[in-house]
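Good morning, and thank you for the time.

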Amino acid sequence: MKKEKKKKVKNQNHTLPLLAMISPTVIWLFLFLVISLVYIIVISFMTKGPFGTIKWMPSLQSYIDFLNPVYLKVFRKSVEIAALTTVFCLLVSYPFAMALSKTTGKKKMLFMILLVLPFWINGLIRLNGWVNILRETGILNSLLMKIGLQPINFMYTDGAIVFGMVYAFLPFMVLPINNSLSKMDPALLEAASDLGAKKFRTFCRVTLPLSIPGIFSGTIQTFIPSLGAFYIADIMGGGNTMLLGNLIKNQFTSARNWPSGAAFSVVLIVFTLIVMKLYNKVGNPEDLV
Amino acid sequence: MTEKMDKKPIISLRNVIKKYGENLVVNKINLDIYQGEFLTLLGASGCGKTTTLRMIAGFEDITEGEIFLEDENMAGKPPYHRNVNTVFQSYALFPHMNVFDNVAFGLVEKKMKKAEIRKKVREVLELVQLTGFERRKPDQMSGGQKQRVAIARAIVNNPRVLLLDEPLGALDLKLRRQMQLDLKHLQQQLNITFVYVTHDQEEAMTMSDRIAIMNGGVFEQIGTAEEIYEHPKTKFVADFIGESNIFETSIHAVEEKMLKLIMEQGDVTVREQGFEVNEIAYLCVRPENIKISEFPVEGFNLKGIIKENIYVGSQIKTTIEMINGYLVKKTAFPDGDMKPAGSIVYLYWDDGKSVLMHTKEDKIYNYIESAEGGSIPS
Amino acid sequence: MKAAAKAGKEKKNGYGYDLIAYTVYAFLYLPILIVIIYSFNKSEINVNFTGFTLDWYKELFSKDRDLWQALKTSLLLASYSTIISCVIGTFATIAMHRYRFPGKQIIENLLYIPIVIPEIVIGIAFLATMSMFGINMSMTTLVISHVTFCVPFVIFTLRPRISGFDASIEEAAMDLGANQWHTLKRVTIPMLVPGIIASALMSFTLSIDDVTISFFAAGPENTTLPIKIYGMVRGKISPDVYGQCVIIMLGTIALVAAAMLILSANARRTKRIQSN
């Protein structure tokens, strides 16, 4: 009897501060994230009403709409562009991250600051800088014409979108790879070469396997945002290319068809969850951030 | 020593049990610690000594039993309501505070006046010889200095008891020896009760008034360094403290305070009490008490051959192989009784220089009973 | 001889890495350079550089109330979101580190949602929910939506730091008479300060550059700078926007430089104390 009472007092001691500390975050995420995601799922199964309203009549129409070849094509293109973006980001980031991890001291600090600094200048303005360089009458084409070449149409192509996305998401690939490379004990490389491995072999057998968590994490952190980033397609694709992000945005804004916008969002959620599921099989979610 | 024992205990542990899930870490221990005493909990890692200390400090709940501090039951009392302070193995200095703020921490919690805090901190820093270090941060100090800050931070609060969890573990040997003496002197000067946890038997012997040897969650023996060394109560203690020759024997006959023992190595007669005929027991003899003779000695039938003599400066270490292959360790001063390797010798020792111990079988039986079906500590 | 050759080879490799690094930095900074140049360009249509002028800066400070208003909105938004995210995120991190409780894994999964689900979905869902409750978009809704995606980053930035702490430091505080609240106030939170600063920088950066979520969560009166620019970028972008970017950039660089100076001054002072 007495013991029970004691135990209760003890529990209270822990429960109160625990609740006080954890509940703001939990309530916040629950109210503004969980409820809204559930709501999106619910309206995706409703019917479009007149004038952009939602008719509370369950239907699968929005999902059936998605099977329209036009939409399926948009979906395929989005995945393709995201995949290409990820591959190019990886190809640029890996050697760059290796270069970063080789530097030390003040130079390293400078390099890291230089990597993060552009983030504080509006991303759209930076993309616009590229537009100025790449467009038909832009800087690059003027240079080409000056040396007697024909101007090339860089802008408003899928390639331009991939280029813009690589530019925007590059640091998200560089930082995790750099993290895992920097964590690596340099003695490992010495040990490998001591054991007779040539540079390339050392890379294949030691460096690369040890940086795989960083590669996975960087891949997720570039692939998923590329799937939904509508503004890059707007700016670099000039509205010629419709990606899933633009499609969802349009359904909610100009087309005012919320159920179908919601359904496309659910498709996107399900797709990213499948990607994450695959990622969990090979990687560790702890490495993500 | 005895005058201390007459006093009332300052800390009492009564049938204290600690379980982590099904894992029994401390198994129904009882201990009284007296005012002004330096008591050491000595044992190998995992024996429950740190857990015992942490239960006294209030960091761990007690599964069963009670702990009293000056007759007050500590059950449910958080660490901040206990008038004991701890010196941690990792020092646990607050990294964001300088030495002054670290030492003043407890005084600020007591809402002491600023002037008084300054005075007290100055005094205690002088005591640990860190005057002038007030503004240093912990990461700007050496291990030994951090150690002294940790001690100053604890004793400035005038605790009834100071708990020390392997405080010298991270220091190098030379500094550790110096700190052992410093700590002992500090304890005598302040007259605070110290409860000290260590796995280093030499450290325990150097500093302690009493040593409590822990093994598998129970006390094997509690006593002064001398008692424990000269009269180990269990085979574990004999083995753990210093070196021992331990023979397995069975009691052959009991005659007027003399016991006749049969061993594989030969027969011996010793002066002991409290054993029954046919009981299995351990006979323990310290290497420095082993003597050799060219001829059989009365009461001893222990024949062996000297395998080697190793000169280690102050001593000669001799290994003697007995007829069953058992190797007896013997140490002696270089001018003592020494025979060349290969000599046939007869072993003996002076009356009272051996200890006969009950085997642990009956003890294991007690475990099962006391743990009420709990697991047997290994 | 051989050693010298080896050293030479290593040097060469070092230059190779430097070349890669500088190329990537060129890629990152080239458009920024263009922005700087065009902010001084006489021609309004940003095609060729026709001559140096400060007109756009004059215009920026005389006419463009909108751009400054948008910047103010963005800065306020980022500040509010950062403060709220850091406060609730810090407490959540401590609670999740210190206690075991039912539902911990659910919270853990909840935190991953804003990271693994594309921002557009979160923005859209937020918009839909707010409109369901008939709530108009305002500064409040903007802050709410930004905190939602900043909090997980705060927690994930702080967590490795708190798990790197020596657990006995908090025990030491309690041992010295500090109750749970005092331990938190005097020891745990002060020790987390460097981590809190890092996570604050992170939330601020995420919030100030966000387009996607702000696009859905901003009301007509609360246009953030990225949204304002998004509106312009698809049409004609006037060079005074570039001018403002250059000013923001200079401000940022000045802040970073000041922070570095303070840090190195601190380091020097530490060294001096140590050598005393």
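Predicted model: local features only at pLDDT ≥ 70, side-chain atom pairs only at ≥ 80, totals over all residues.

B:Ile344 is exposed, with 10 other C-beta atoms within 10 Å. By the rule applied here, a residue is buried if 20 or more other C-beta atoms lie within 10 Å of its own, exposed if 12 or fewer, and partly exposed in between, with C-beta atoms placed from the backbone. B:Ile344 belongs to strand S19 (residues 344-348) of chain B. Helices (H or I, at least four residues) and strands (E, at least two) are DSSP runs, numbered from the N terminus. Leaving aside residues up to four places away in sequence, B:Ile344 touches B:Lys303 and B:Ile305. Contact means that the C-beta atoms of two residues, placed from the backbone, lie within 7 Å. From the C-alpha atom of B:Ile344 to that of B:Asn158, 186 residues apart along the chain, the separation is 62 Å.

Residues are numbered from 1 along each chain as its sequence is written, and chains are lettered from A and ligands numbered from 1 in the order in which they are written.

Let me turn to chain B as a whole. Its secondary structure comes to ten helices and 20 strands. The C-alpha atoms of chain B fill a box of roughly 80 × 50 × 40 Å, taken along the principal axes. Of the 378 residues in chain B, 38% are buried. Among its contacts between residues at least 6 apart in sequence, 65% join residues at least 24 apart.

Within chain B, six strands form an open sheet of mixed pairing, in the order S6-S7-S8-S3-S9-S10. Two strands pair if DSSP finds at least two bridges between them. Strand S6 (84-87) and strand S10 (218-223) of chain B each have a single partner strand, so one side of each is left without a neighbour in the sheet. On average, neighbouring strands of this sheet are turned by 20° against each other, direction ignored. Axes are lines fitted to C-alpha atoms, for helices over the stretch in contact, and angles run from 0 to 180 degrees between N-to-C directions.

B:Thr86 stands opposite B:Leu163 in S7(B). Across S6 and S7 of chain B lies helix H5 (residues 143-155) of chain B, running at about 175° to S6(B).

Why is strand S9 (residues 210-215) of chain B described as largely enclosed by the rest of the structure? Six of the six residues of S9(B) are buried, and the description follows from that. B:Arg210, B:Ala212 and B:Met214 point one way from S9(B), and B:Ile211, B:Ile213 and B:Asn215 the other way. Strand S3 (residues 38-42) of chain B runs parallel to S9(B), joined by four bridges; B:Thr40 has B:Ile211 as its bridge partner. With S10(B), S9(B) pairs in the antiparallel sense over five bridges, and B:Ile213 stands opposite B:Gln221. S9(B) and S10(B) form a hairpin with two residues between them, and B:Gly216 in the turn has a positive phi of about 60°.

I move now to chains A and C. In all, 69 residues of chain A are in contact with 68 residues of chain C. H1(A) gives the most to the side of chain A that touches chain C, with 19 residues. That side divides into 50 nonpolar, 15 polar and four charged residues. Here Ala, Val, Leu, Ile, Met, Phe, Trp, Tyr, Cys and Pro count as nonpolar, Asp, Glu, Lys and Arg as charged, and the others, Gly among them, as polar.

Finally, the cores. A nonpolar core is a set of buried Ala, Val, Leu, Ile, Met, Phe, Trp, Tyr and Cys residues joined through C-beta atoms within 7 Å. The largest has 130 residues, and those with the most contacts inside it are A:Leu124, A:Leu127, A:Ile232, A:Met236 and C:Ile124. Helix H7 (residues 158-183) of chain A gives the most to this core, with 14 residues. A second, separate core of 102 residues includes B:Val103, B:Ala104, B:Val124 and B:Val237.
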